[in-house]
Amino acid sequence: MMHSEETILTMNNNQSELKKQEKFTQAVISRGFGIAMQLKKTFNKYLNPQTESGLMLHCLLMSNRFACKAPYTDITCISKEQTNISAVKEKIRQIMSAYYSNVPDSEIIAIFNYLTIEHE
């Protein structure tokens, strides 16, 4: 089957575009995974297997939201009896700042909500 020159150019452009999309997607996923691993390392004692899995998924999807310029905007903190909430949130913000600038509070709170923090 013979392809016209236009069809061949379109196919080559599509391949090129797919390669760009693949690199972009890999970068987004890698960034989300890196964030999740850093959070897990820092807050491991506050995670159980279920919340750890949820946090991983959240970080992968959050990375995609950031890539699409659509982070969470209206997340509230679930009730936790804890004396040092602001310090934990600040540590989350520090971890996030290594990957993204200007992380909205709603994303910090969403991550914080995965942690099971009690009075220490």
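Predicted model: local features only at pLDDT ≥ 70, side-chain atom pairs only at ≥ 80, totals over all residues.

I started with His-58: buried or exposed? At 5% relative accessibility, His-58 counts as buried (buried is under 20% relative accessible area, exposed over 50%, partly exposed in between, with a 1.4 Å probe and protein chains only). His-58 sits in helix H2 (helices are DSSP runs of H or I, at least four residues, numbered from the N terminus). Leaving out residues up to four places away in sequence, I found His-58 touching Arg-65, Tyr-72, Glu-107, Ala-110, Ile-111 and Tyr-114 (contact means heavy atoms within 4.5 Å).

Residues are numbered from 1 along each chain as its sequence is written, and side-chain values use heavy atoms, with hydrogens and water left out.

Next I looked up Leu-55, which is also in helix H2. Leu-55 is buried, at a relative accessible area of 3%. Not counting residues up to four places away in sequence, Leu-55 touches Leu-39, Leu-47, Ile-111 and Tyr-114. I also checked Leu-55 against Asn-113: they are 58 residues apart along the chain, and their C-alpha atoms are separated by 9.3 Å.

Then the helix pair. The axes of H2 (residues 49-67) and H4 (residues 105-112) come within 10 Å and cross at roughly 165° (axes are lines fitted to C-alpha atoms, for helices over the stretch in contact, and angles run from 0 to 180 degrees between N-to-C directions). H2 and H4 are therefore roughly antiparallel to each other (the cut-off is over 145 degrees). From H2, the contact uses Leu-55, His-58, Met-62, Arg-65 and Phe-66; from H4, Glu-107, Ala-110 and Ile-111.

On to H3, residues 85-97. How far apart are its end C-alpha atoms? They are 18 Å apart, which agrees with the 18 Å that 13 residues should span at 1.5 Å a residue (expected span is 1.5 Å times one less than the number of residues). I listed the buried residues of H3 as Val-88, Ile-92, Ile-95 and Met-96. Seen down the axis of H3, these fall within an arc of 100°, so they line one face of the helix (the arc is that of the directions from the helix axis to the C-beta atoms).

Last entry: Asn-102, in the loop between H3 and H4. Asn-102 has a positive phi of about 55° although it is not a glycine. I have Asn-102 down as exposed, with a relative accessible area of 73%.

Definitions and conventions:
Helix = DSSP H or I, 4+ residues; strand = E, 2+ residues; numbered from the N terminus. Parallel < 35°, antiparallel > 145°, perpendicular 65-115°, else oblique.
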